[in-house]
Structures are given as C-alpha cells and as structure tokens.
Amino acid sequence: MLIVTSDDAAFTARLAQVLRAARQARGLTTAALAQASGVSRGSVVKLERGDSQPSAALLGRLCGPLGLTLSELFARVEARTATGRLVRAASAPTWTDPVSGHRRRSLSPSPAGPVQLTEIVLPAGAAVTYPAQAYADLHQQVWVLEGTLDLLEGTDAHRLGPGDCLELGAPADCTFTNPGDTATRYLVVVARRP
C-alpha cells in the first residue's frame with residue numbers, strides 16, 4: 001500500500017503545484033479562492049508555496065470552489081491516471097490527515113470516473129468537519145464497515161453502526177465523529193449529480 005504522510009515533502013510540493021494549477025485553471029486569484037472557500041488568503045498562499053500541511057477539512061473547503069472532489073484532488077497530487085479497471089490493495093494510495101489522524105485510501109481505478117470510492121479509518125475520539133461547499137453537485141453515501149460513526153449533517157444527527165448506509169441530503173456542513181474507543185472504518189461513495 002502506498003502511504004503518504006502529512007510530513008512527506010514531495011507530497012506537500014506536489015499538492016502546492018496542483019492547488020495553484022487548479023486555482024489558475026478556474027481563473028481565481030488567491031484572494032478570490034480565499035473568499036469563496038472561507039480560508040484565509042495567507043493560508044492559501046502558504047499552501048501554494050508548500051509551506052503548510054493542510055488538514056482534510058481545509059482541503060475540503062478549497063475543493064468546492066476549485067470544482068474538485070477530494071478524490072480528484074488527491075489523484076492529481078499522486079499523478080494518477082486511469083491505467084486499467086483494477087486497483088490492487090498494495091497500490092491504493094493512502095493519506096493521513098495531520099490534524100484528525102483519519103486515514104483515507106483511494107479505491108477507484110479511475111480518479112475522474114463517474115463514481116469514486118474512498119475508505120476512511122477514523123481513530124477513536126477523532127472528528128473531521130467538511131463545509132457544505134465540499135458537497136456541491138455531489139451525490140454521496142456513507143457505509144460503515146466497522147465501529148460507530150456519528151454524522152452530523154447540518155442539524156440532522158445520525159448514529160451509524162456496522163452495515164448502516166446513509167445517503168447524504170442537500171449540501172450541508174458535515175461532521176464525522178468516532179465516539180468509540182476503537183477505530184471506525186467506513187466507505188464513502190461519491191458521484192457527480194447530473
């Protein structure tokens with residue numbers, strides 16, 4: 001399994017390049033991206049220089065205005081392209097959030113395909129929040145494989161256990177929390193809305 005840690009200098013440098021290129025492709029200035037994402041301009045500049053290691057929540061805030069899903073962003077950083085219809089477990093890229101400690105593993109063979117699968121392992125007691133804009137134009141389902149997941153979707157609270165699957169509604173701020181004392185593992189399925 002390819003494991004990318006938050007302190008991987010090569011990953012941080014590639015992320016900086018990808019973020020800058022995505023922003024420029026959308027015709028956004030750093031100030032415009034900051035305003036659209038709610039992230040400070042200073043943080044955007046630091047990320048684009050490779051001087052900062054972002055959390056998943058911060059990347060989620062940037063992805064909406066950049067027109068990307070987190071899976072697409074990571075695929076670009078990893079320079080992955082569709083090379084077939086099979087991804088072996090040993091080659092599925094994995095990234096660990098430096099803030100929450102949650103680990104995401106990209107499972108889909110085609111990072112730009114119509115459906116993207118991501119396995120998440122959320123440590124005991126950890127939480128991560130994504131803003132509503134991270135879900136714009138996306139259909140998303142969360143299927144818990146192991147453990148317990150508390151998902152706050154706007155004002156709607158859901159407690160999910162093994163085998164439970166939740167289809168997210170209209171875009172809303174979402175907080176994923178592991179209330180247990182062991183890791184929670186879940187699958188996120190994302191598709192673009194027509």
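Trainee: Why are H2 and H3 called oblique to each other?
Mentor: Start with the values: helix H2 (residues 30-37) and helix H3 (residues 41-49) pack at about 120 degrees, their axes 8 Å apart. Angles under 35 degrees count as roughly parallel, over 145 as roughly antiparallel, 65 to 115 as roughly perpendicular, and the rest as oblique. About 120 degrees falls into the rest, so H2 and H3 are oblique. Keep in mind that this is a predicted model, where local features need pLDDT of at least 70, side-chain atom pairs count only at pLDDT 80 or more, and totals for chains, interfaces and linings use all residues. Residues are numbered from 1 along each chain as its sequence is written, and side-chain values use heavy atoms, with hydrogens and water left out.

Trainee: Which residues make the contact between H2 and H3?
Mentor: On the H2 side, Thr-30, Ala-31, Leu-33 and Ala-34; on the H3 side, Arg-41, Val-44, Val-45 and Glu-48. Contact means heavy atoms within 4.5 Å.

Trainee: Over to the rings. How many aromatic pairs turn up in the whole structure?
Mentor: The search finds 4. Rings of Phe, Tyr and Trp (its six-membered ring) pair if their centres lie within 6.5 Å; planes under 30 degrees apart count as stacked, over 60 as edge-to-face and the rest as tilted.

Trainee: Why is the pair of Phe-74 and Trp-95 called tilted?
Mentor: Their centres are 4.9 Å apart and their planes sit at 45 degrees, so tilted is the label. Phe-74 is in helix H5 (residues 70-77) and Trp-95 in strand E2 (residues 94-96), 21 residues apart, so the pair links distant parts of the chain. Ring pairs also bring in Phe-11, giving a cluster of Phe-11, Phe-74 and Trp-95.

Trainee: What makes E5 and E10 a strand pair?
Mentor: Two strands pair if DSSP finds at least two bridges between them. Strand E5 (residues 127-130) and E10 have 4 bridges, so they qualify, in the antiparallel sense. Tyr-130 stands opposite Cys-174 in E10. Strand E7 (residues 149-153) is also joined to E10 by 4 bridges, running antiparallel, with Leu-152 opposite Thr-175.

Trainee: And why do E5 and E8 count as edges?
Mentor: The open sheet has 4 strands in the order E5-E10-E7-E8. E5 and strand E8 (156-160) each have a single partner strand, so one side of each has no neighbour in the sheet. From one strand to the next, the twist averages 15 degrees.

Technical notes
Helix = DSSP H or I, 4+ residues; strand = E, 2+ residues; numbered from the N terminus. Axes fitted to C-alpha atoms, helices over the stretch in contact; angles between N-to-C directions.
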